[in-house]
Amino acid sequence: MVGASLAGLSAARSLRKQGYDGRLVVIGDELHRPYDRPPLSKEFLAGSLAEADLALEPDTEDLRAQWLLGVRAVALDGPQRAVRLADGSEVRADGVVIATGAAARTLPGTDGLAGVHTLRTLDDARALRDELTLGGRLVVIGGGFIGAEVASTAYALGLDVTVVEAAPTPLAGPLGETMGTIVSALHADHGVRLLCGVGVKGLSGERRVDSVLLEDGRSVPADIVVVGVGARPCVEWLAGSGIELDDGVKCGADGRTGLAGVVAVGDCASWYDPRAGLHRRVEHWTGARERPDAAVAALLAGGAVEPSTPRPPYFWSDQYGVKIQFAGHAAGADSVTIEEGARDDRNVLAVYRRSGHPVAVLGMNQPRLFMRWRKQLAAAA
Ligand SMILES: Cc1cc2nc3c(=O)[nH]c(=O)nc-3n(C[C@H](O)[C@H](O)[C@H](O)COP(=O)(O)OP(=O)(O)OC[C@H]3O[C@@H](n4cnc5c(N)ncnc54)[C@H](O)[C@@H]3O)c2cc1C
């Protein structure tokens, strides 16, 4: 297992559950045992969840695995299935699960400037939380889910918050423009400034950031900056391995790569979606948790297994006290209708359809109805 987080841990559990009794080595470049990332922008950042509560493993769990933590995999010898580590050692295996996830994208030229943060790891969250507790003016670059959650948490902590988004509206990609506008209106509801349709030219400050410079010439004063401009799959270490890379590890519908005995799962993996006829990489907790079962089945079978139809991708987000849930793919829809609630109340249940058939569903503070629609969506799929 390369990658000791949600997808790697889930694959290790699947292996044991499916009867694998042999040696199991889990390699991770962070020093921590697997922990949960979603609270890093929510309860943990707000200070209402302790570090111990992030642990993904119960005390009683023993996967009989050897954990190599704090060491990076730097290469994979495909034919030999040997993983080379940064300390010069090598782990040979009959099967390899690639679960190296994704890393936060950064802004060029901002390295070493104090007050500038990204948020992907526990260490990132600790550093950001320490600064947020001091208060001040926060500028979040990027109005996607993580940017929006950080803005919401910081607002609740009493900071003065501005979100800068290059696109005309935040979340137009994942939710479509109409519904993206409703979700992003949550910022304005709470007095958080949202500057859309303008890019960031750079940051200013000597040793510490003091403002964000926009492409239209404006300058937004900042004590703290969070760069939330997406994530890139951690796959550089696979260069030259013979594995096909294209926005992540290109896999079949069961997680198998082109190399025998090597599968990929979680945020780093771009699985083939037979219904859509294309590869998709999804960065959602539920996919990293559920899909390793199928990949491990294929790994243990040593070849193709009948892939079960994966459930439509699902994610949730908590912003300004509103629970946002989304399942399916908005991109293929030709209509969106609000089935329940009112857009002004921010409690809608909206269904996306293509040629009259549901392809995605969005809920804002509608958990029960959302779950019902999510099941229907899975059944239809
Ligand atoms: C702040 C935050 C909030 C989120 N909130 C939500 C949410 O509300 N809802 C939702 O659905 N999803 C959310 N997500 C996404 C969700 O957490 C991810 O989809 C999930 O963590 C993916 O798990 P993974 O194991 O594939 O990858 P990761 O969790 O990224 O783990 C990959 C691990 O591999 C390690 N690694 C990378 N390269 C190497 C290497 N070469 N050698 C060894 N180890 C390596 C990494 O350091 C990391 O520990 C959130 C993510 C973040 C960061």
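Me: Which residues line the second largest cavity, and which elements give two or more of them?

Reply: This is a predicted model, so let's start with a list from it. Around the second largest cavity sit Gly-266, Asp-267, Ala-269, Trp-271, Arg-280, Arg-281, Val-282, His-284, Gly-287, Ala-288 and Arg-291. The elements that give two or more residues to this lining are S19 and H7.

Me: How do those lining residues divide by class, and what is the volume of the second largest cavity?

Reply: The lining of the second largest cavity divides into 4 nonpolar, 3 polar and 4 charged residues. As for the space inside, the second largest cavity has a volume of about 60 Å³.

Me: What about the largest cavity: what lines it, and how much space lies in it?

Reply: Its lining is made of Trp-271, Asp-273, Arg-275, Arg-280, Val-282, Arg-291, Pro-310, Arg-311, Pro-312, Pro-313 and His-329. By class that gives 5 nonpolar, 1 polar and 5 charged residues. The space in the largest cavity comes to about 80 Å³.

Me: Moving on to the second largest pocket, which element gives the largest share of its lining?

Reply: This pocket holds about 540 Å³ of space. It is lined by 29 residues, and the closest to its centre are Ala-93, Asp-94, Gly-95, Val-96 and Leu-299. Strands S1 (25-28), S5 (90-92), S6 (96-98) and S18 (262-264) each give two or more residues, and so does helix H8 (292-301). The largest share, 3 residues, comes from H8.

Me: Which element gives the largest share of the largest nonpolar core?

Reply: That core has 44 residues, and Met-1, Ile-27, Leu-76, Val-83, Ile-98, Trp-237 and Val-249 touch the most other members. Several elements supply at least two residues each, among them H1 (6-17), S3 (73-77), S4 (82-85) and S19 (269-273). The largest share, 6 residues, comes from H1.

Me: Which residues does Leu-76 touch, leaving out those up to four places away in sequence?

Reply: Leu-76 is one of the core members that touch the most others. With residues up to four places away left out, its contacts are Ala-82, Val-83, Val-96, Trp-237, Leu-238, Ser-241, Ile-243, Leu-259 and Val-262.

Me: Why is H1 largely enclosed by the rest of the structure, and what covers its buried residues?

Reply: Buried means under 20% relative accessible area. In H1, 10 of the 12 residues are buried, so the helix is largely enclosed by the rest of the structure. Those buried residues include Leu-6, Leu-9, Ser-14 and Arg-16. What covers them includes S2 (66-69), S6, H7 (285-290) and H8.

Me: How far does H1 reach from its first C-alpha to its last, and which residue follows it?

Reply: H1 has 12 residues and reaches 16 Å from its first C-alpha to its last, close to the 16 Å expected at 1.5 Å a residue. After H1 comes a residue whose phi is positive, near 100°, and that residue is Gly-19.

Me: Is Glu-61 buried, partly exposed or exposed?

Reply: Glu-61 is found in the loop between helix H2 (43-46) and S2. Glu-61 and Arg-13 are 48 residues apart in sequence and 9.7 Å apart in space, C-alpha to C-alpha. Buried needs under 20% and exposed needs over 50%. Because its relative accessibility is 25%, Glu-61 counts as partly exposed.

Key
Residues numbered from 1 in each chain as written. Predicted model: local features only at pLDDT ≥ 70, side-chain atom pairs only at ≥ 80, totals over all residues. Heavy atoms only, no water. 1 Å grid on protein atoms, 1.4 Å probe; cavity = no way out; pocket = protein on both sides within 12 Å on 5 of 7 lines; lining within 4 Å. Points joined across faces, edges and corners; volume = space filled by probe spheres on them. Helix = DSSP H or I, 4+ residues; strand = E, 2+ residues; numbered from the N terminus. Core = buried A, V, L, I, M, F, W, Y, C linked by side-chain atoms within 4.5 Å. Buried < 20%, exposed > 50% of the residue type's maximum accessible area, 1.4 Å probe, protein only. Contact = heavy atoms within 4.5 Å. Expected span 1.5 Å × (residues − 1). Nonpolar A, V, L, I, M, F, W, Y, C, P; charged D, E, K, R; others polar.
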